[in-house]
Amino acid sequence: MSPTETEPYGAVRDGLVCVSGDRIAWVGPAPDAPAELVADPGAVIDLDGGWVTPGLVDAHTHLIFGGTRAREFEQRLGGATYEEIARAGGGILSTVAATRDADRGTLERSGAGRLARLVDHGVTTVEIKSGYGLDVESELRMLEIARALAETASVTVHTTLLGAHALPPEFGDDREGYLALVCDEMIPEAVGRGLADAVDAFCEGIAFSPTECERVLRAGGERGLALRLHADQLSDTGGAGLAARLGARSADHLEYASVEGIEAMAESGTAAVLLPGAYYFLGERRRPPVDVLRSVGVPMVVATDLNPGSSPVASPLMALNLACVLFGLTPEEALNGMTRSAAPVLALEDRGVIRAGLRADLACWSVGHPAELSYWIGANPCAAVVCAGRRLR
Ligand code: DI6
Ligand code: FE
């Protein structure tokens with residue numbers, strides 16, 4: 001992909017991308033490249049007809065957690081629903097117990113392994129949420145591990161505090177008490193220690209009401225965090241409209257979002273993060289209103305939602321495939337949703353496209369056409385990954 005707007009995918013054929021330090025120095029047709037920028041042959045990655053895209057941006061993951069939910073998967077296949085399991089104290093809360101029990105090294109190693117899988121598939125920027133700690137210490141520990149993974153994996157990690165993911169068991173039905181903890185302790189501590197870039201909440205019948213989510217997002221916004229919202233995933237609670245009204249960067253999931261909610265998102269510049277892995281894995285039937293998103297011009301982002309309960313998807317390319325097959329995105333829209341439209345959700349304006357002056361985050365692919373990135377299932381055509389000018393694989 002390149003700055004050309006006329007070709008599908010903004011494609012440049014027989015192109016060359018020159019990298020200098022951590023930046024893209026030049027991009028265009030190979031014969032036009034300035035001689036002084038063309039490096040010694042040893043530093044050239046020759047793709048032999050393959051394609052280069054921006055490094056992929058996975059803008060929604062929960063990739064740090066203890067245990068798995070394979071037993072719950074069996075229960076769901078036996079007929080139990082995700083909501084029933086959650087209301088019976090399983091679901092997210094079972095991962096909270098496993099995450100609290102796990103020592104830091106275990107969480108770091110399992111998280112690093114999952115992040116390495118994403119990088120293997122071309123990811124150079126990832127968002128990681130907390131939300132399986134649900135007490136101040138455990139939430140901050142998750143965010144610290146997320147920050148540490150950026151160093152281990154040499155990629156950009158954007159962190160999101162998701163304290164309002166579920167009501168932890170020690171609070172019984174004291175919702176007020178827990179929300180006060182999130183707003184008055186968790187958020188200030190996370191901000192004070194520089195551990196969070198954004199705040200998120202799960203707006204859903206089995207989680208928090210719109211009023212409760214508004215309180216959490218406002219508390220985060222007042223302290224300078226960017227706002228995200230898990231909205232209208234399993235029912236229409238007005239989450240899309242709430243995200244828009246609060247000026248959130250994104251509303252995520254959106255299967256049940258109303259037309260009015262989507263229109264409000266278009267007005268406020270709130271992006272839609274589509275998570276087809278969760279739709280697929282939970283066997284959902286209702287698709288997000290992609291036609292409406294398209295017609296009112298809301299940017300469509302595609303992410304893995306990598307998490308143990310609803311989307312154990314460690315392949316961003318699988319997410320692209322599901323976005324096309326299940327949600328009806330074109331392969332070009334899907335790729336756009338993990339590059340150009342994804343970076344602004346994380347306020348990272350220096351990436352997501354291949355343009356001189358931007359960060360040299362690039363994924364190189366052994367494919368004959370970019371639609372192949374959404375087409376193959378279970379294959380990984382990633383040939384090389386460059387992050388901030390450094391080759392990672
Ligand atoms: N929606 C989701 O799909 C994930 N979190 C959320 O708010 C699921 C998290 C889980 O089931 O562990
Ligand atoms: Fe999620």
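Serine 154 is partly exposed, because its relative accessible area is 24%; here buried means under 20% relative accessible area, exposed over 50%, and partly exposed in between (1.4 Å probe, protein chains only). Serine 154 sits in the loop between H5 and strand E6 (156-164). Helices (H or I, at least four residues) and strands (E, at least two) are DSSP runs, numbered from the N terminus. Serine 154 has a phi near 55 degrees, which is a positive value in a residue other than glycine. Most residues other than glycine have a negative phi.

Before going further, a word on the model: this is a predicted model, where local features need pLDDT of at least 70, side-chain atom pairs count only at pLDDT 80 or more, and totals for chains, interfaces and linings use all residues. Residues are numbered from 1 along each chain as its sequence is written, chains are lettered from A and ligands numbered from 1 in the order in which they are written, and side-chain values use heavy atoms, with hydrogens and water left out.

Leucine 134 also has a positive phi, about 60 degrees, although leucine 134 is not a glycine. You can find leucine 134 in the loop between strand E5 (123-129) and H5. Is leucine 134 buried or exposed? Leucine 134 counts as buried, because its relative accessibility is 0%.

Let us turn to charged side chains. Side chains of opposite charge can pair when their charged atoms come close. A salt bridge is a side-chain nitrogen of Lys or Arg within 4 Å of a carboxyl oxygen of Asp or Glu. How many salt bridges does a search of the whole structure find? The search finds 24 salt bridges.

One of them joins arginine 71 and glutamate 74, with the closest N and O atoms 2.9 Å apart. Arginine 71 and glutamate 74 are separated by about one helical turn, because they are three residues apart in helix H1 (residues 70-77). Arginine 71 is exposed, with 55% relative accessible area, and glutamate 74 is partly exposed, with 49%.

Another salt bridge is formed by aspartate 197 and arginine 147, whose closest N and O atoms are 3.1 Å apart. Aspartate 197 lies in the loop between helix H6 (175-192) and strand E7 (198-203), while arginine 147 lies in helix H5 (residues 136-153), so this pair ties together parts that are 50 residues apart in sequence. Aspartate 197 is partly exposed at 27% relative accessibility, and arginine 147 is partly exposed with a relative accessible area of 25%.

Helix H11 (residues 290-296) holds arginine 294 and aspartate 291, which are three residues apart and therefore separated by about one helical turn. Their side chains meet in a salt bridge (3.2 Å, N to O). Arginine 294 is partly exposed at 35% relative accessible area, whereas aspartate 291 is exposed at 58%. Elsewhere, a network of salt bridges links Glu127, Lys129, Asp200, Arg228 and Asp252.

Next come the aromatic rings. Rings of Phe, Tyr and Trp (its six-membered ring) pair if their centres lie within 6.5 Å; planes under 30 degrees apart count as stacked, over 60 as edge-to-face and the rest as tilted. By this rule the count comes to five aromatic pairs. Among them are phenylalanine 171 and tyrosine 178, an edge-to-face pair because their ring centres are 5.3 Å apart and their planes stand at 65 degrees. Phenylalanine 171 is partly exposed, at 21% relative accessibility, while tyrosine 178 is buried, with a relative accessible area of 0%. The rings of tyrosine 375 and tryptophan 376 have centres 4.9 Å apart and planes at 70 degrees, so this pair is edge-to-face. Tyrosine 375 is exposed at 53% relative accessible area, and tryptophan 376 is partly exposed at 40% relative accessibility.

Finally, look at cysteine 18, which is placed in strand E1 (residues 15-20). Cysteine 18 counts as buried because its relative accessibility is 5%. From C-alpha to C-alpha, cysteine 18 and alanine 226 are 33 Å apart in space, and in sequence they are 208 residues apart.
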